[in-house]
Amino acid sequence: MSEKEEKEELKPEDLQEAAEEEFSVDSTAEDVSGEASEEHSNEETAEEKPDPKDEEIESLKKQLADEQEKYKRLDAEYYNYRNRSLKEKQDAAAEATSKTVSEILSVIDNFERALAAETSDEAYKKGVEMIFNQFNDILRKLGVEEIEALNCPFDPNFHHAVNQVEDENFGENTVCNVFQKGYKLGSKVIRCAMVSVANP
């Protein structure tokens with residue numbers, strides 16, 4: 001049978017079926033292509049859009065870092081305040097003690113003069129000595145110490161020189177006599193010792 005005869009034998013129904021098959025194939029190809037394109041687009045969108053959980057974690061990390069920094073600053077400020085307050089209290093207590101002791105030093109000086117004076121009444125002398133010792137005990141409890149002077153090198157920070165002598169029994173620039181005792185509270189001088197300096 002010739003090609004012409006084959007064409008002539010094709011019915012209209014056959015042509016319609018062939019057209020529908022071709023259209024169906026094209027539509028399927030377009031659907032597949034469209035789905036692939038949509039999946040690719042969704043992947044790109046997913047890659048570009050950040051994860052909300054990651055953003056929340058970063059935000060929480062920043063908040064934590066800020067709070068830690070605030071805590072460190074507050075802790076440092078409190079530490080400085082505490083040390084400053086403690087030092088102020090110590091200085092105030094030392095100043096009050098120093099003023100109080102300086103007021104009674106003249107009384108202690110008079111007790112020392114009374115003990116040095118000659119007397120035939122031993123009971124009286126013993127009573128004065130007991131009172132003098134009580135004063136010294138109180139000074140020790142307050143942290144007040146006598147400044148060393150006799151036979152020590154002269155130190156203008158602790159000694160007040162009222163005269164100078166030449167004496168071969170003492171070394172150069174040495175305290176050879178104490179006219180009035182000096183006292184200190186820790187490193188704070190309440191009263192310098194009044195002294196005589198040999199071989200200045």
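Trainee: Among contacts in the chain between residues at least 6 apart in sequence, what percentage join residues at least 24 apart?

Mentor: That share is 62%, where a contact means heavy atoms within 4.5 Å. Before we go on: this is a predicted model, where local features need pLDDT of at least 70 and side-chain atom pairs count only at pLDDT 80 or more, while totals for chains, interfaces and linings use all residues. Residues are numbered from 1 along each chain as its sequence is written, and side-chain values use heavy atoms, with hydrogens and water left out.

Trainee: What makes up the chain, in helices and strands?

Mentor: There are four helices and six strands, and along the sequence they come as α-α-α-α-β-β-β-β-β-β. Helices here are DSSP runs of H or I with at least four residues, strands are runs of E with at least two, and both are numbered from the N terminus.

Trainee: Why are strand 1 and strand 5 said to stand at the edges?

Mentor: Look at the open sheet of three strands, which has the order 1-4-5 and antiparallel pairing. Strand 1 (144–146) and strand 5 (188–191) each have a single partner strand, so one side of each is left without a neighbour in the sheet. The twist averages 35° from one strand to the next.

Trainee: How do you know that strand 4 and strand 5 pair?

Mentor: Two strands pair if DSSP finds at least two bridges between them. Strand 4 (residues 183–185) and strand 5 have three, in the antiparallel sense, so they pass that cut-off. In this pairing, leucine 185 sits opposite lysine 188 of strand 5.

Trainee: Which helix packs on the sheet?

Mentor: Helix 3 (residues 52–116) does, touching strand 1, strand 4 and strand 5. Its direction makes about 35° with that of strand 5; axes are lines fitted to C-alpha atoms, for helices over the stretch in contact, and angles run from 0 to 180 degrees between N-to-C directions.

Trainee: What makes up the largest nonpolar core?

Mentor: It has 12 residues, including Val101, Leu105, Phe111, Phe132, Tyr183 and Ile190. To belong, a residue must be a buried Ala, Val, Leu, Ile, Met, Phe, Trp, Tyr or Cys, joined to the set through side-chain atoms within 4.5 Å. Helix 3, helix 4 (122–141) and strand 4 each supply at least two residues of this core, and helix 3 gives the most, with five. A second, separate core of five residues includes Ala149, Ala193, Val195 and Val197.

Trainee: Why is the pair of phenylalanine 111 and phenylalanine 135 called what it is?

Mentor: Rings of Phe, Tyr and Trp (its six-membered ring) pair if their centres lie within 6.5 Å; planes under 30 degrees apart count as stacked, over 60 as edge-to-face and the rest as tilted. Here the centres are 5.6 Å apart and the planes stand at 45°, so the pair is tilted. By this rule the count comes to one aromatic pair. Phenylalanine 111 lies in helix 3 and phenylalanine 135 in helix 4, so the pair ties together parts that are 24 residues apart in sequence.

Trainee: What order does the open sheet with mixed pairing have?

Mentor: Its three strands have the order 2-6-3. Strand 2 (159–165) and strand 3 (174–180) are the edge strands, each pairing on one side only.

Trainee: What about asparagine 151: buried or exposed?

Mentor: It has 51% relative accessibility, so it counts as exposed. Asparagine 151 lies in the loop between strand 1 and strand 2, and has a positive phi of about 70° although it is not a glycine. Asparagine 173 has a positive phi too, of about 55°, but at 30% it counts as partly exposed.

Definitions and conventions: Buried < 20%, exposed > 50% of the residue type's maximum accessible area, 1.4 Å probe, protein only.
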